[in-house]
Amino acid sequence: MFELNLSDWQILLVKLGLVLAIVPAITLVAGYAEHKVMAHLQHRLGPMYPGGFHGWATLLADGLKFIYKEDIIPAAADRKVFSLAPLAIFVPTVLTVLVLPLDETLVVEELDLGLFYLLAVSSISTIGMLMAGWSSSNKYALIGALRAAAQLIAYELPIVLSAAVAAMLAGTLSLNGIVEAQEWPFVLWPPGIGLIAFLVFFGAGVAELTRPPFDMPVAESEIITGAFTEYSGMRFIFSTFFPEVANMVIISGVATTLFLGGYQPIVPLGFLDAVPGLVWFTLKTAFMVFMLLWIRPTFPRLREDQLQKFAWKFLIPTSLVLILAAGAWVLYAPEGLK
Amino acid sequence: MLDERKLSAARKRTYGIGLLKGMAVTLKHLFKHNTVIEYPDEKQDLGPRTRGVIALKEENCTVCMLCARECPDWCIYIDSHKETLPPKREGGRPRKRNVLDRFAIDYALCMYCGICVEVCPYDALFWSREFEYAEYDIRQLTHEKEKLSDWMATVLPPPALEAGAEQPGQPVAATPAAAAPAPTAVAPAPTAVAPAVQPAGATTPTPAPSMSAPAETTEADKARLPAPPAHPAPRATTDPEAAGRSPEVPTTGQETVLSDQEKAVYQEDPGPNVDVPAEQPQPVALERSEDAEAVYQQVLKEQLDKGSSAQVAEARARVARAKAERGIKRGPTPLTVDKPVPSAPTKGAPRPEPSGAPEAKAPQPDPGPVAAPAEAGAAGSDEAETSAPAAAKEPAAEEPPSAEPVSTPDPQAAAPAVGGSDETPDQVFERVLQEEKAKGSSDAVAQGRAKAARVKAERAQK
Amino acid sequence: MPIAYFLVLSSLLFCIGVYGVLARQNAVLILLSIELMLNAVNINLLAFSAHLAEAGVPGQIFALFVIAVAAAEVGVGLAIVILIFRNRQNVDVDEMSLMKW
Amino acid sequence: MNADVVREVFFWGVGAIMVIAALRVVTTQNVVHAALYLVGTLMGAAALYVLLLAEFVAWAQVLIYVGAVVVLMLFGLMLTRAPIGKANYDNSQRPLAAVVAAVLFGVMSWILIDAFSGTELELAGENAPRTQDIGAVIFSSYVWPFEIVSVLLLAALIGAVMIARRDEPEADKEVGS
């Protein structure tokens, strides 16, 4: 190995550069998986041509196409806000990746408050949605933005609350600490609480992604592409495709970290320890991504009121009860069971 | 009855199970083989009636504009001009015919409703299965008539008739006149369409002339003239191409299936150059007009006697009754022969007149109107003089199709004179102006018509 | 690092907030200005918390309480604004003369 | 580079952004822009909290202020009236308000500088309070204020719902629920 003498901020820059390179790459892979998995779930083939082998280069071709597309800003739009909105969506997405522990030591920036940071940063993108929708000067965009904001705020709560359950059980907000605190059989322990918290987190996560069946904010049959109706070219990519797919991976990664034991081996067998944690993390995250891809073509879109009802009348009460249960478990569970 | 409470209770019991079931369904499909046809590499066998592209049989087009008018998208563009043909016989009337200059369909606008194909009374438009005509430039999607004609080669034959359906050509074959078409049947059919178009074609397949022979059409038109003017035979799916058809064989070239009503029309007033079918189904029209119900019964009986299926017979009888009722209501008012249709029969249109065509069938119960279009069409022919007496009986007679255009009140009728006389355009202008004034037209109208006549005359000179 | 930096910045933000509250007539903009003032207070609290580190973290806790109260204030404030807008199609505080007789 | 210099540069950069954004909040003639400029101030404040070793408060600021309060504000603006382009949102007291604010700032900063001019902050990482200290203090010494704040939040929640709720008795009977 070579030795490099880098100061702290230089290391930080290198890490940022790596993240900025790797996140889009992972997004491309996940986007391609989305095309293919969804196609096969629907008896289709998905992209077959670009790149030769099963259309592996489809998204590269798509990206090229979007780069070459004209960047249109509507005449009546608020230009400044309109151009900044994709940034306000894209940057928080990248920033969330920084704290995900891919392995025991493989984490860009290990924060004491990892979980809190993650939840805080990911909540910023809501503003980007509102900016995009309002500045487009388009009623569909505005309706889409308001729907998106209402949905993101509503589902932020069950996400935070169910993540709090994980933090309570682990006794820390550090993501590494949460992973370490989990033991086989991860989700199923403590009985009931873990699994339900995981399901609540997962359900709210699907809604946070504004993916089907919770894609009212971008329901194309009513409001075209919602807040991004007026976007084109790279701005469109950075405000819709990229955050959606990247967030899909990130939510899966967070769910893996919080509930599925992160980089720990799936079953506690001695010889499996030889496998690097990154592999386990990748496997589990890929499984979660597959679940998300599986859900998408399976269920029909909810109505806006059903969507809100699901959040406020089902997920939030459930997660509040879970918090009580988790507290009781932490305080009163016999020492042998914990 | 569904008990709502039970239902909701059942829903509650299975809360979440439905979601899992749905997931199971999609998962099952993940492992099934795909059903995709990888289009450019493999092609699906499209149904024979696929609406791919509309083909134009140019020779059949009479520029009646029905397709352009009915098109919901207004994607059909038709330009035409009138040509004056010399009279066929000495002393006859010069004839006019529409010549198609441009026929274009803008497939960028077309929504493939097929209405143009449906309304075309002369079978000039067909569906073809071809669909791969995408272009890089949207302007290329406007297919001009050459391209539209090229699609004709890809038009499939019509589907076989239903069992028990009336075979095309049967009634015609029953007439003595049917003997005549024999020679035409022998003629080779140059287009891919013709043979296939008539499944029962043994008796009547009409030879289609080569589609790319506009030059011949003048001759062909002459030959086609005697075709029954009032009966475009919309049911005939073949191309009723008349080239090589003798003037004496009016109906046979088309495997035209004449319904009884139609035949009845012939018999009432066959027109000068229509061979009356020998079958003589009795000119019952006069009686029929008395009572719609009687008409119904009569037609039903006739049809059944003829061997039509019960359904067909009933349908025709109903049509007859409806027409009879309408005819009674309307009374023997003249049909709109004097309506200034683009190519009124009086101008010697060599083809059956579209505007007259539908009406010709209508007035079956009422002999009065029936004769009008039939004659009007006939009057346009070179044998117009022979029909003059008949025409005189009709309201249309106020516009006698004589060779003397000076007296014609029809504004458009001014035109025939142009080709026929040696007047200079200015003379034509003056003359028409005088005529119009004499007729009592307003100054503006008279001026306009006169100018139009002059322009036509100028064009004719060139 | 002099604590005065933070304190002066805090007072500057606070005064900007005061100006906003006094000079604006749109109710939502007044709410925004109040948020500015609350933030100035928070900076102040945290600066002193850092200054008095040996006393523990009461400054941070108070900042958290301020944030929580601010959230509650915004919730109720916006509800009032929306109610007024619904009744009067206007959120101008100058025209809110409901209490005047 | 000296850590103190870095901190100072960081402070001046962030402080400048905050002040400019705050000034735009109170002067811009576009309500949505005002709310978005407020985001700049709030994020700057969060950055300063990190500088002041209050990481937990910083992320709480981002989560609650940026993620919820500003979004709520924007929501409220768009539900009331938020035209693109300029409109007048100032009243006639602008000069007076400016004078008041300037005087207030003058007095406050004079007092503050006078009182704390020599005081230096120790911002090195080693004596930073840990998050678990905050938790421990909140749930011991400050448990009553904490409970009161939670009741306040609940009251605000219910109050907001009751105020903003439309009095339509018909709408209460929801179909099929």
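**Close-up views of a predicted model**

**View 1. Polar contacts across the interface of chain C and chain D.** Across this interface, 7 residue pairs are in polar contact, with both residues of each pair at pLDDT 80 or more. The structure is a predicted model. On the side of chain C that touches chain D, the elements giving two or more residues are helix 1 (3-23), helix 2 (27-51) and helix 3 (58-88) of chain C. Helix 3 of chain C provides the largest share of this side, at 24 residues. Sorted by class, the side of chain C that touches chain D comprises 52 nonpolar, 11 polar and 4 charged residues. Between chain C and chain D, the count of salt bridges is 0.

**View 2. Extent of the interface of chain C and chain D.** The size of an interface is often expressed as the accessible area that is lost when the parts come together. Between them, chain C and chain D bury about 6900 Å², and 77% of this area lies on carbon and sulfur atoms. Met1(C), Tyr19(C) and Arg24(C) together account for 11% of the area that chain C buries against chain D, more than any other three residues. In terms of contacts, 67 residues of chain C meet 80 residues of chain D.

**View 3. Helical architecture of chain D.** The secondary structure of chain D consists of 7 helices and 0 strands. Along the sequence, chain D accordingly reads α-α-α-α-α-α-α. Chain D has 177 residues, of which 41% are buried. Its accessible surface amounts to about 9600 Å², and carbon and sulfur atoms hold 68% of that surface. When contacts in chain D between residues at least 6 apart in sequence are considered, 65% of them join residues at least 24 apart.

View 4. Val321(A) is located in helix 12 of chain A, which spans residues 304-332. Val321(A) counts as exposed because its relative accessibility is 53%, where the cut-off for exposed is over 50%. Ile193(A) is included in this view for its position relative to Val321(A). The two residues are separated by 128 residues in sequence, while their C-alpha atoms lie 9.6 Å apart in space.

Conventions
Residues are numbered from 1 along each chain as its sequence is written. Chains are lettered from A and ligands numbered from 1 in the order in which they are written. This is a predicted model: local features need pLDDT of at least 70, side-chain atom pairs count only at pLDDT 80 or more; totals for chains, interfaces and linings use all residues. Side-chain values use heavy atoms; hydrogens and water are left out. Contact means heavy atoms within 4.5 Å. Buried area is the accessible area (1.4 Å probe) that two parts lose on being put together, summed over both. A salt bridge is a side-chain nitrogen of Lys or Arg within 4 Å of a carboxyl oxygen of Asp or Glu. A polar contact is a pair of N or O atoms within 3.5 Å; within protein, one must be able to donate a hydrogen and the other to accept it, and residues adjacent in sequence count only if both atoms are side-chain atoms. Helices (H or I, at least four residues) and strands (E, at least two) are DSSP runs, numbered from the N terminus. Ala, Val, Leu, Ile, Met, Phe, Trp, Tyr, Cys and Pro count as nonpolar, Asp, Glu, Lys and Arg as charged, and the others, Gly among them, as polar. Buried means under 20% relative accessible area, exposed over 50%, partly exposed in between (1.4 Å probe, protein chains only). Accessible areas come from the Shrake-Rupley method with a 1.4 Å probe; for residues, only the protein chains shown count as cover.
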